[in-house]
Amino acid sequence: MKIFVDVDACPVVHQIETVARKYNVPVVLLCDTNHILSSDYSEVRIVGAGADAVDLALINLCRAGDIVVTQDYGVAALALGKRAYAVHQNGWQYTDENIDRLLMERHVMKKARRASAKFHGKGPHKRTAADDEKFAQKFERLLQLVAAAIAGNAVREDGLQDDADGL
């Protein structure tokens, strides 16, 4: 198992590395040439600049049982297709049950933005320290459950999904 992180605009790299270090799980941070990134724990891969360069590199590297951290629904869908686990930087998990709805909502919002210069979709709230802590807790739980599943222990499918807040 490896953890792959699309680090472009990812505010939880430190939390991911802290949890991964605790469980001795390798982390690969992927970014494009427009970002300067270093880590004392993770492998850093810098890929060429381009609209989807990081996304394509990440998907080409991940395998079944890996964990992908991304805010991109398309990348999450591709990771799920490879039987990897995908998690958003806010801590909720992408699943086969929610990804189609998320992709459709993204499509509808994109159409609305194109149709009206006055359309302004609701943006994300300002990130807080509590958000970071919540992510770290959920991410650690996911890591434990994935490790148990890989070790052959019985893990219920819903045990890998987000708790009460869902999507």
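Trainee: Is Arg127 buried, exposed or partly exposed?
Mentor: Arg127 counts as partly exposed, because its relative accessibility is 24%; buried means under 20% relative accessible area, exposed over 50%, and partly exposed in between, with a 1.4 Å probe and protein chains only. This is a predicted model, in which local features need pLDDT of at least 70, side-chain atom pairs count only at pLDDT 80 or more, and totals for chains, interfaces and linings use all residues. Residues are numbered from 1 along each chain as its sequence is written, and side-chain values use heavy atoms, with hydrogens and water left out.

Trainee: Which residue does Arg127 form a salt bridge with?
Mentor: The partner is Asp132, and the closest N and O atoms are 2.6 Å apart. A salt bridge here is a side-chain nitrogen of Lys or Arg within 4 Å of a carboxyl oxygen of Asp or Glu. Asp132 is buried, at 19% relative accessible area.

Trainee: How many salt bridges does the count come to?
Mentor: The count comes to 4. One of them joins Glu140 and Lys22, at 2.7 Å from N to O. Glu140 lies in helix H5 (residues 129–150) and Lys22 in helix H1, so this pair ties together parts that are 118 residues apart in sequence. Helices (H or I, at least four residues) are DSSP runs, numbered from the N terminus, as are strands (E, at least two).

Trainee: Is Glu140 buried or exposed?
Mentor: Glu140 is buried, with 17% relative accessible area, whereas Lys22 is exposed at 57%.
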